[in-house]
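This briefing goes through a structure by topic. It begins with one chain as a whole and then turns to selected elements and a contact between chains.

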Amino acid sequence: MSKTFTLTIDNTAVKAEPGWTILQAADAAGVYIPRLCGHKDLVPHGSCRVCTVLVNGRPQSACTTPATPGMVVDTATDELKEHRKRLIEMLFVEGNHFCMFCERSGGCELQALGYRFGMLSPRYPYQFPVREVDASHPDVMVDRNRCILCGRCVRASRDLDGRSAFQFVGRGPEKRIAFNAADGLGGTDIEAADRAVEVCPVGAILRKREGYRVPIGQRPYDRDPIGSDIEAKAAAAAGAGEED
Amino acid sequence: MATAAPQTRKIVIEPVTRVEGHGKVTILLDEERKVRQARLHIVEFRGFERFVQGRPFWEAPVLVQRLCGICPVSHHLAAAKAMDWIVGGERLTPTAEKMRRLMHYGQTLQSHALHFFHLVSPDLLFGFDADPVERNVVGVARKFPDLAVQGVMLRKYGQEIIKATAGKKIHGTGAIPGGGNKNLSIAERDGFLKDIEQMLEWSRGALKIAADYTAEHLADLADFGSFVSNHLGLVREDGAMDLYHGNLRAVDAEGKAIFDQVDYRKYLEYIEEEVKPWSYMKFPFIRSLGPDRGWYRVGPLARVNICDAIDTPEAEKARAAFMELGGGKPVQVTMAYHWARMIEMLHATEKIRDLLNDPDLQGEDLVVTGERRPVGIGLIEAPRGTLFHHYEVNDRDQIVRCNLIVSTTNNNTPMNRAVEKVARDHLEGVEVTEGLLNRIEVAIRAYDPCLSCATHAMGRMPLVVEVVDAEGQRVGRGAKGVSLSAEA
């Protein structure tokens with residue numbers, strides 16, 4: 001494409017197209033920048049800050065910052081990696097995340113990032129918040145114990161499903177996901193097949209009666225760490241280059 | 001109640017040892033300083049029945065198995081069996097049922113091997129009074145290295161079976177409401193078939209050790225920690241042993257049925273639990289006989305006693321030899337638990353061999369569902385005995401009530417009786433001697449209780465024994481594996 005331009009990510013020149021974010025440019029180049037609130041089919045939100053990178057030396061969220069010609073991006077300095085690990089640890093202690101019996105274990109992006117970053121145990125004290133489960137819908141349930149307030153469901157329901165079934169309410173520590181119905185999730189018009197259900201990165205929004213159907217060993221992150229699919233592109237490109 | 005006045009009795013709960021499995025025994029004396037009663041205090045408190053409330057029902061088999069790290073498969077399967085009823089999927093597909101059975105026999109093999117080789121063999125090989133420095137698994141490895149290796153390899157084989165069926169060796173996810181989530185690949189099957197003859201050979205060897213030991217020492221063992229009791233367990237419709245599924249049967253000391261072929265979903269009509277103020281563990285009993293006469297034993301001894309036959313040839317032959325010990329009645333020798341346990345280990349190994357040769361394990365049809373129900377009850381014969389899981393689920397798919405009667409709870413009164421018997425026979429004066437401590441430990445261990453699994457492993461179950469006189473004053477005390485100064 002004629003308007004394609006070049007920027008530098010981790011000391012490598014990569015191509016990008018107008019309108020791309022740094023995250024999109026990195027994905028296309030096979031450089032994995034960890035993310036939680038970001039999702040390829042959703043408008044960027046910039047809330048989790050896990051994708052923070054250095055843009056010309058300044059910290060910026062890769063999911064919301066447009067890529068521009070000549071930009072110099074560092075995605076994985078020691079400081080950035082430490083910063084991301086701390087963010088993940090804070091998310092773990094802020095909610096009630098019991099991986100050992102959670103049905104999203106092995107497919108959970110938060111857990112997968114914990115593994116990828118080598119998190120053994122959080123350095124912050126567990127908060128043990130009291131959070132509610134809403135099982136009032138016949139086919140979908142929400143377990144707020146595991147919600148990380150990424151807002152993917154809010155955007156997916158509004159922009160992809162055309163329902164706006166989810167919304168944030170409250171502020172600060174009181175912030176939580178609420179439903180567009182007085183009587184809870186069961187009063188909304190969401191369906192089990194909605195994208196809002198599918199995009200939840202953790203075990204907060206679940207299709208009922210489907211847990212544990214995928215055996216251990218075949219779950220998304222059982223074999224390869226999160227981000228491997230993106231990094232495989234770079235490896236494949238490098239392999240092809242060597243053959244030329 | 002015994003004469004110890006509650007207001008003067010000192011209850012000590014030491015938090016560190018508590019979580020690792022801590023046995024505490026109080027021996028209560030009468031005015032003539034004779035043993036009046038012995039109490040085995042169980043101070044572990046788990047709380048699963050409460051914190052499973054509100055959770056979605058399909059989570060229970062994975063959540064509740066966290067009760068234990070030794071036999072989680074039992075809880076996993078008992079909960080899954082209960083959830084089968086919730087989803088109307090109790091008639092499992094052949095592949096799902098056989099995968100679950102394979103998982104269960106793998107677990108029986110590994111748990112019985114662990115208990116026999118690792119925990120019990122030091123007592124049998126070195127004698128009750130041998131120096132604890134030698135009387136442990138390391139001592140066995142030093143003096144009987146072949147035997148130690150067999151124990152490790154048998155357990156490993158069972159654990160690998162669990163991994164192949166549940167996904168992980170500990171705390172897997174293989175059983176789901178109405179079925180399972182995987183079958184057995186040809187490669188997995190062939191990997192197990194390669195070693196099955198060796199496992200059978202070692203299981204036979206272990207059975208021989210247990211049988212010969214009992215026969216040789218029968219004069220001493222017959223009375224050791226022994227007493228007459230009822231026995232309870234699941235049996236198949238034809239009366240044969242079935243560790244995975246069956247109906248409830250209870251027999252009295254004469255071997256006569258107290259009840260038989262009871263649908264286990266009606267267990268509450270037949271069994272009740274009594275609470276005593278000095279233990280967190282309840283005391284179950286058969287309703288029709290009441291708490292004083294209705295207590296019963298579960299586990300290997302009970303299962304071999306109550307069944308009419310075992311459907312694998314080698315274990316059946318061993319059962320016939322075992323039953324001669326009782327002379328036509330149930331065997332009441334506490335130490336015969338070990339022999340019965342090894343009969344079951346051979347049975348489980350034979351079952352594994354038969355299942356591995358069954359092409360149903362490669363089937364693809366894994367889950368069935370039907371009419372949704374609000375109550376699910378699942379029973380299974382866990383390595384330590386009959387395990388009860390009972391759930392009520394609301395129309396939002398959340399668990400609202402849960403009742404668990406675990407195997408060791410069923411054996412609560414029998415363990416107390418065993419300790420009492422040992423105390424009567426071996427307490428001289430008020431001094432808690434090393435010999436008494438050893439014998440109490442050996443008697444408790446016959447039941448393979450779950451309370452002591454962690455530190456028990458190195459032959460150092462923390463055990464405190466106190467002797468309390470008729471006025472409620474502590475007059476004797478002894479301990480092993482725990483510091484009394486830290487305790488007091």
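The points below describe a predicted model.

**Overall form of chain B**

- Chain B contains 19 helices and 15 strands.
- Its radius of gyration is 22 Å, which agrees with the value near 23 Å that a compact globule of 488 residues would have.
- The C-alpha trace of chain B spans about 70 × 50 × 45 Å along its principal axes.
- Buried residues make up 53% of the 488 residues of chain B.
- Of the contacts in chain B between residues at least 6 apart in sequence, 72% join residues at least 24 apart.

**Helices H7 and H8 of chain B**

- Helix H7 of chain B covers residues 145–166 and helix H8 of chain B covers residues 186–216; their axes come within 10 Å and cross at roughly 145°.
- The crossing of H7(B) and H8(B) is left-handed.
- On the H7(B) side, the contact is made by B:Gln150, B:Leu154, B:Tyr157, B:Ile161 and B:Ala164.
- H8(B) contributes B:Glu188, B:Phe192, B:Asp195, B:Met199, B:Trp202, B:Ser203 and B:Gly205 to this contact.
- By class, the residues of the contact of H7(B) with H8(B) are seven nonpolar, three polar and two charged.

- S7(A) pairs with strand S6 of chain A (residues 133–134) in the antiparallel sense, over two bridges.
- Within this pairing, A:Asp143 in S7(A) stands opposite A:Val133.
- S6(A) and S7(A) form a hairpin, with five residues between them.
- S7(A) is also joined by three bridges to strand S10 of chain A (residues 205–207), and these two strands run antiparallel.
- The bridge partner of A:Val142 in S10(A) is A:Ile205.

**Contact between chains A and B**

- The contact takes 16 residues from chain A and 19 residues from chain B.
- The side of chain B that touches chain A has five nonpolar, eight polar and six charged residues.

Terms used
Residues are numbered from 1 along each chain as its sequence is written. Chains are lettered from A and ligands numbered from 1 in the order in which they are written. This is a predicted model: local features need pLDDT of at least 70, side-chain atom pairs count only at pLDDT 80 or more; totals for chains, interfaces and linings use all residues. Two strands pair if DSSP finds at least two bridges between them. Helices (H or I, at least four residues) and strands (E, at least two) are DSSP runs, numbered from the N terminus. Axes are lines fitted to C-alpha atoms, for helices over the stretch in contact, and angles run from 0 to 180 degrees between N-to-C directions. A crossing is left-handed if the near helix is turned anticlockwise from the far one by less than a right angle, and right-handed if clockwise. Two residues are in contact if their C-beta atoms, placed from the backbone, lie within 7 Å. Ala, Val, Leu, Ile, Met, Phe, Trp, Tyr, Cys and Pro count as nonpolar, Asp, Glu, Lys and Arg as charged, and the others, Gly among them, as polar. The radius of gyration is taken over C-alpha atoms; the globule rule is 2.2 Å times the number of residues to the power 0.38. A residue is buried if 20 or more other C-beta atoms lie within 10 Å of its own, exposed if 12 or fewer, and partly exposed in between; C-beta atoms are placed from the backbone.
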